[in-house]
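Hi,

Here is the structure I promised to pass on. Please open it and keep it beside you as you read. My notes follow below.

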Amino acid sequence: MGSDQHFRLRVESYSGYRGEEEPRAFTLGERRFAVQEILDRWLEPRHRYFKVRADDGRTFILRHDIVDDAWELAALVGERTFS
């Protein structure tokens with residue numbers, strides 16, 4: 001996947017007490033992944049990024065376009081950490 005190529009996905013999110021959405025689960029194709037842990041997060045002027053560990057042990061970077069309110073898969077990092 002090139003650096004300018006992103007895949008749209010459906011994200012189930014939670015708005016905390018500050019009203020900022022955090023991903024709790026996401027669906028890519030037919031597969032639903034539960035977010036086990038948010039490992040990191042950062043902001044850019046138009047996007048919010050979340051580095052998450054999914055229930056299958058893999059690490060994903062999810063990107064939220066703040067203006068369009070759209071989620072994308074920005075990257076898959078490494079492989080499963082357990083079977």
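Start with Arg58 and Asp56, whose side chains form a salt bridge, 2.6 Å from N to O. The model is predicted. Is Asp56 buried or exposed? Its relative accessibility is 6%. That is under 20%, so Asp56 counts as buried.

Why do such pairs form? Side chains of opposite charge can pair when their charged atoms come close.

How many salt bridges does the structure hold? It holds nine.

Now look at Glu22. One of its partners is Arg41, and their closest N and O atoms are 2.5 Å apart. This pair links distant parts of the chain. Glu22 sits in strand E3, residues 21–28. Arg41 sits in strand E4, residues 31–43. Arg41 is partly exposed, as its relative accessible area is 41%.

Glu22 also meets Arg24 in a salt bridge, with 3.6 Å from N to O. Arg24 has 40% relative accessibility, so it counts as partly exposed.

Glu22, Arg24 and Arg41 belong to one network, joined by salt bridges that share partners.

One last stop is the backbone at Asp69. Where does Asp69 lie? It is in the loop between strand E6 (59–65) and strand E7 (70–77). For context, most residues other than glycine have a negative phi. Find Asp69 in that loop and take a look.

Best wishes

Methods
Residues are numbered from 1 along each chain as its sequence is written. This is a predicted model: local features need pLDDT of at least 70, side-chain atom pairs count only at pLDDT 80 or more; totals for chains, interfaces and linings use all residues. Side-chain values use heavy atoms; hydrogens and water are left out. A salt bridge is a side-chain nitrogen of Lys or Arg within 4 Å of a carboxyl oxygen of Asp or Glu. Buried means under 20% relative accessible area, exposed over 50%, partly exposed in between (1.4 Å probe, protein chains only). Helices (H or I, at least four residues) and strands (E, at least two) are DSSP runs, numbered from the N terminus.
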